[in-house]
Amino acid sequence: MANTGWDEFEIGAMLRTFDGKIDDIAGTKQEDRAYSQSSSFSASVADWRIEKPVFNKDFCIDCQFCWVYCPDMSIIARDKKMIGIDMDHCKGCGICVEVCPTNPKSLLMFPEQADEETEIAGWPAKEKKEK
Amino acid sequence: MAFDKVELKDIEVWDGNYAAAQALRQCQIDVVAAYPITPSTPIVEGYGAMKANNLVEGEFVMVESEHAAMSGCIGAAAAGGRVATATSSQGFALMVETLYQASGMRLPIVLNVVNRALAAPLNVNGDHADMYLGRDSGWIQLDAYSPQEAYDMNFIAFKVSEDHDVRLPCMVHQDGFMTSHTAQGVHTMDDDTAYGFVGDYKPMNDMLDFEHPVTHGVQTEEDWHFEHKARQHNDLMTKVMPKVEAAFAEFEKLTGRKYNPVEKYDMDDADVAVVCMGTSVETAREVAGEMREKGVKAGVVGIRVIRPFPFFEIGEALKEIKAIAALDRSSPNGAPGMLFNELAGALINTDANPMLSGFVYGLGGRDLTKKHLEEIYTQLQANVDAGKLTTPQQQFIGVRGPKLQFL
């Protein structure tokens, strides 16, 4: 979609979330919604992230804690199953890792430039509880 | 919900506040969010009583401050309603942050400002300090000199402000106490005629249009902010005045009362002129008539539309004048005075070459008497006779003690 020209914006400090008319938006999945160019959903707003969460589905129990607690709605879940992370909107705050209850955790923070497959291959083992 | 209409007499005895409240009632406002402050209190008090008596259909929201009052108005306007409120002085000052939000968001809100001095020292009486505080806020500012005009200007305000080409908020000013609490005969319109003039409110980009969701009050940084502000300023300066003049013309057809962005009295052959606002205009007109009997060709210019400043209209009105007095009813606090500056700006790149004197007067409700105006006209005529300024460029009128002007 072409960028809006400097003289094409509507008057007022207002932006439209969707292109055209919407209907039953609550019943429409994000990927099927006609988000406009000016919607934050269409833009990457994660430029300043320096650490990122990496998701290891082998240990995930789909408890949805990360989905509930994520302040930027960047945990992607479908049919109550954790699918992954929306890296265009995740700011790297680490709350999802903090609330993850599994052992080992299913989400861990790594430097932004870390390779996901390498980190999953070297994922920490289950911690034994000290008695 | 149904509401009752009111049978008004052709001429009602109203003060400026009640005239404004009646105009708001007749415009059928959707939301009034208000916090009372002297001397504007009776506007919202009167409107509240109308609401309680089932004469108003819309919502009346009582809030905890003027900041909240204007914030409520902004929310209601963004939601798609006809919105108005009233304030004065300190309350106006507390609203200032949100005034810029309203104009930047291009929301047509009408704000009745009953002009009052700004503390410190605390003072409840009329001067134009609050009016001047709002002059860079991006609002349209109309000035009413009497209760009749406070009534009339409210209709003009809604008509212009809500025009989809304009979409800028509008203040209607009246002088605290001198206009707001002085009862005079006010020619009324019946409810249907009055509402017919402003018409049904036509929402634009309203938040309650759920099929077309919008975000209001967005953030733009260096990449977009300037374009928004430049276009807003351009709309204010180019689109508003033609709409004001059209509204004035339509209003004249309806009521016979004629208004102009720049009001001229005895100006056709004038040598000297006083430029002022508010209730001072009427006093100046009376004195100008008396000066004419003494052989001074005296005229008066009243500013009806303060913002957008009638740059070309004022230049045209003053092009033949030899000596001009700019009367500012607000302490300039670090400059010659708003009207002095604006008149100088409007005249400097023209063929006119008048002598311009600035006068600061009436702070905190200090009277401007006929004697003061006689002295001003006498000075102006002395300047004309001498062919040069014979007085300081800036003077204070009616202040005790040493002369404190800096120019």
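In β16(B), Gln394(B) is the bridge partner of Gly358(B). Three bridges join β15 (residues 355–360) of chain B to β16(B), and the two strands run parallel. Strands (E, at least two residues) and helices (H or I, at least four) are DSSP runs, numbered from the N terminus. Two strands pair if DSSP finds at least two bridges between them.

This is a predicted model: local features need pLDDT of at least 70, side-chain atom pairs count only at pLDDT 80 or more, and totals for chains, interfaces and linings use all residues. Residues are numbered from 1 along each chain as its sequence is written, and chains are lettered from A in the order in which they are written.

**Sheet of chain B**

Six strands form an open sheet of mixed pairing, in the order β10-β12-β11-β14-β15-β16. β10 (262–265) and β16 (394–396) are the edge strands; each pairs on one side only. Neighbouring strands are turned by 20° against each other on average, direction ignored. Two helices lie across β10, β11, β12 and β14 of chain B. Axes are lines fitted to C-alpha atoms, for helices over the stretch in contact; angles run from 0 to 180 degrees between N-to-C directions.

| Helix | Residues | Angle to strand |
|---|---|---|
| α10(B) | 280–293 | about 170° to β12(B) |
| α11(B) | 311–318 | about 15° to β10(B) |

**Interface**

15 residues of chain B are in contact (C-beta atoms, placed from the backbone, within 7 Å) with 13 residues of chain A. β9(B) supplies the largest share of the chain B side, three residues. Three bridges join β1 (residues 14–16) of chain A to β9(B), running antiparallel. Leu15(A) has Thr215(B) as its bridge partner there.
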